[in-house]
Amino acid sequence: QVQLVESGGGLVQAGGSLSLSCAVSGRSISTYNMGWFRQAPGKRREFVASISLGGGSTYYDDSVKGRFTISRVNARNTVYLQMSSLKPEDTAVYYCAALRGGVPTSLPARASDVRSWGQGTQVTVSS
């Protein structure tokens, strides 16, 4: 069974940066496209970014494009989300996700495309 554990969340001022990590166990991530989602209080969980098996293809929601960078190191079984120029509206619980086979990284992933979720890590951006 695949297990995903996020870390790196916290409190940061607007304009600042944070780096999230997602450590995966139980299976090699080299067999999964991976993604990050987020959920703000009272809102639906929404897609943030995704990355293909080898890292050659990435896709971002328009709200984070140019500010966030998703990456992966398959040898470490870890996925990363580097966030910069953070805004108060980026405040949310961020979830790492292993995507189901065949889900493309040329389109935004949906929650129904997710095979396994992490437990989430809180990111709070103060104004």
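The structure described here is a predicted model, and the protein contains eleven strands and zero helices.

**Overall form**

- Read along the sequence, the secondary structure follows the pattern β-β-β-β-β-β-β-β-β-β-β, and the radius of gyration is 13 Å, close to the 14 Å that the globule rule gives for 127 residues, so the protein is as compact as a globular protein of that length.
- Taken along the principal axes, the C-alpha atoms fill a box of roughly 40 × 25 × 25 Å.
- The accessible surface comes to about 6300 Å², and carbon and sulfur atoms account for 48% of that area, while buried residues make up 45% of the 127 residues.
- When contacts between residues at least 6 apart in sequence are considered, 59% of them join residues that are at least 24 apart.

**Nonpolar cores**

- The largest nonpolar core has 29 residues, and the members with the most contacts inside this core are Met34, Trp36, Leu81, Met83 and Tyr94.
- Two or more residues are given to this core by each of several elements, namely strand 3 (18–25), strand 4 (34–39), strand 5, strand 7 (68–73), strand 8 (78–83), strand 9 (92–99) and strand 11 (121–126).
- Setting aside residues up to four places away in sequence, Tyr94 touches residues from several parts of the chain, among them Glu6, Leu20, Trp36, Phe68, Leu81, Met83 and Val123; the contacts of Tyr94 also include Phe37 and Arg38.
- A second, separate core consists of seven residues, including Phe37, Phe47, Ala97 and Val114.

**The disulfide**

- A search of the whole structure finds one disulfide, which joins Cys22 to Cys96 with a sulfur-to-sulfur distance of 2.1 Å.
- The pair links distant parts of the chain, since Cys22 is in strand 3 and Cys96 is in strand 9, 74 residues apart.
- The angle about the S-S bond is -85 degrees, and the link of Cys22 and Cys96 is left-handed; both cysteines are buried.

**Salt bridges**

- Five salt bridges are found in a search of the whole structure, and a network of such bridges links Arg38, Glu46, Arg67 and Asp90.
- Asp113 forms a salt bridge with Arg110, in which the closest N and O atoms are 3.1 Å apart; Asp113 is buried at a relative accessible area of 9%, but Arg110 is exposed at 53%.
- Lys65 forms a salt bridge with Asp62, the closest N and O atoms being 3.0 Å apart; here Lys65 is partly exposed, with a relative accessible area of 48%, and Asp62 counts as exposed at 62%.

- Ile51 belongs to strand 5 (residues 46–51) and counts as buried at 2% relative accessibility; although 18 residues separate Ile51 from Asn33 in sequence, their C-alpha atoms are 5.8 Å apart in space.
- Beyond the residues up to four places away in sequence, Ile51 touches Asn33, Met34, Ser57, Thr58, Ile70, Ser71, Arg72 and Thr105.
- Val12 lies in strand 2 (residues 10–13) and is buried, with a relative accessible area of 13%; the C-alpha atoms of Val12 and Val125 are separated by 5.0 Å, although these residues are 113 residues apart along the chain.
- With residues up to four places away in sequence left out, the contacts of Val12 are Ser17, Leu18, Leu86, Thr124, Val125 and Ser126.
- Ser116 is located in strand 10 (residues 114–117) and is buried, with a relative accessible area of 13%; leaving aside neighbours within four places in sequence, Ser116 is in contact with Val2, Leu4, Cys96, Ala97 and Ala98.

Note on methods:
Residues numbered from 1 in each chain as written. Predicted model: local features only at pLDDT ≥ 70, side-chain atom pairs only at ≥ 80, totals over all residues. Heavy atoms only, no water. Helix = DSSP H or I, 4+ residues; strand = E, 2+ residues; numbered from the N terminus. Buried < 20%, exposed > 50% of the residue type's maximum accessible area, 1.4 Å probe, protein only. Contact = heavy atoms within 4.5 Å. Core = buried A, V, L, I, M, F, W, Y, C linked by side-chain atoms within 4.5 Å. Disulfide = S-S within 2.5 Å. Salt bridge = Lys/Arg side-chain N within 4 Å of Asp/Glu carboxyl O. Rg over C-alpha atoms; globule rule 2.2 N^0.38 Å. Areas by Shrake-Rupley, 256 points an atom, 1.4 Å probe, with all protein chains shown as cover.
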